[in-house]
Amino acid sequence: MAFKVMKPRLLVLTKLFWPEGSGAELATYIFLKRYLAGVFDVIVVSSTPKPTTDVLKCCRYVTWSALRSGVKPVEWALTTLGIDYIRGLIKWADVVYIPSHTLLPLALIIKRVNPRARVVFHIHNHQLLTYTSVVLSNLGPGLRSDILVELLENRSLARALFTGILHGTKYLYWLALLRTDLVIFVTRKQLDLALSYGLPVGRSAVVYNPPPEVSFTGKELTKDPLLIYVGGDSFIKGFHILLRALPRLIRSGVRLRLFGNYRRVIKLPNVEFVGRVSHDYLMRVHRYAWGLLFPSINEEPLPYAVVESAVSGTVPLVSNAGGAVEVLRGTPAEKFVFKVGDADDMADKVLSLVAEDTKKVFEIGLKTSGVVLKRLEESSRQLPRYILSILD
């Protein structure tokens, strides 16, 4: 007689699901499709009405409109008051997996509804340290950092004041940590930063995000150096750093294509403001680009823009803020890392790259792609093992 082995039951709670969202949602989608759905019986709960069709082939999917709010305190209230909508799913689950930073306080309710359920946080930003989830490299987490992010990133005094009032809500997240069985961080630097500020992390692991489904095959570098930037006019993405470096880059004949939202567009020689494009379109541009400019001043744990660049063979030129440097360590691209906030150092690194011929740049991209791809794959495939370990 054959016996059917029951898979552990995994409930995924995420505010958005790919193709909505950004890097965290993309990582969650790939983790589910590539690693988790084969090990667990998975149900995904999200506010996204039309998720990518791939997830429907491997997981059951439930839409929860309470997650649609754009204001965190409102979302906490709606999910708390509407918890009956997913109460049955929580009782069903062996593990509740939360990769969405706004939903971490739900751990307090989950343990009351189902004491036997294990709760796993997957942290893709710095929500545990700041209300805005951003840590400015020159300030560190704190009230001043939160207010500056709202003033300079969103240009809103009202939001800055509102954020200042809610700065103390980070302790709600710290309380939720005490009800969590496992916390996954995406780089060692992110974990070290959390520990340095005394977070009650408990059991934790570092798992790099999985490599995206892009290929180095077909790379065709343009004859004239072409660099891309994908941060829009965002303050935390370092657009002001790029602007300070532009005169030197333009004089050197470097061509730039700038993607993202821009409030003002200025006509400059060799600079094209492309605006927002689809993810697929941007990946096609990587086929021809020499490098990616990433002058972020945020301690971003593991930005997918850098990962996609590296895997595509586009040389990442990144600031030394955040965890991107950790993933690039030991690759030829490491020598193009520049000091955060230093426009001259960034320009020096760009000019160093474009001084090479296309064959050399191709080799740098190829070697970087190989190392990063292997590093991410070896790490990301460990996620099911870490989750299973808390069930033993």
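**View 1. Contacts of Ser133 in the predicted model.** Beyond its neighbours within four places in sequence, Ser133 touches Asn125, His126 and Gln127. The structure shown here and in the other views is a predicted model. Ser133 sits in the loop between β5 (118-123) and α6 (143-153). Ser133 counts as buried because its relative accessibility is 13%, and the cut-off for buried is under 20%. Gly291 lies 158 residues from Ser133 along the chain, and the C-alpha atoms of the two residues are separated by 28 Å.

**View 2. Packing of α6 against α7.** The crossing of α6 past α7 is right-handed. On the α6 side the contact is made by Leu143, Asp146, Ile147, Glu150 and Leu151. On the α7 side the residues are Leu157, Arg159, Ala160, Thr163 and Gly164.

**View 3. The open sheet of seven strands.** The strand order in this sheet is β3-β2-β1-β4-β5-β6-β7, and the pairing is parallel. The edges are taken by β3 (60-63) and β7 (204-206). Each edge strand has a single partner strand, so one side of each is left without a neighbour in the sheet. On average, and with direction ignored, neighbouring strands of the sheet are turned by 20 degrees against each other.

**View 4. The pairing of β1 with β4.** Strand β1 (residues 9-13) and strand β4 (residues 95-98) are joined in the parallel sense by three bridges. Opposite Leu11 stands Val96 of β4.

View 5. Of the five residues of β9 (residues 255-259), four are buried, and the strand is mostly covered. Strand β8 (residues 226-229) pairs with β9 in the parallel sense over four bridges. Leu227 has Leu256 in β9 as its bridge partner. Between β8 and β9 the chain passes through helix α10 (residues 239-251), and this β-α-β crossover is right-handed. Strand β10 (residues 271-275) is also joined to β9 by four bridges, and these two strands run parallel. In this pairing Leu258 stands opposite Phe273 of β10.

Technical notes
Residues are numbered from 1 along each chain as its sequence is written. This is a predicted model: local features need pLDDT of at least 70, side-chain atom pairs count only at pLDDT 80 or more; totals for chains, interfaces and linings use all residues. Side-chain values use heavy atoms; hydrogens and water are left out. Buried means under 20% relative accessible area, exposed over 50%, partly exposed in between (1.4 Å probe, protein chains only). Two strands pair if DSSP finds at least two bridges between them. A crossover is right-handed if, with the strands pointing away from the viewer, the path from the first strand over the helix to the second runs clockwise. Contact means heavy atoms within 4.5 Å. A crossing is left-handed if the near helix is turned anticlockwise from the far one by less than a right angle, and right-handed if clockwise. Axes are lines fitted to C-alpha atoms, for helices over the stretch in contact, and angles run from 0 to 180 degrees between N-to-C directions.
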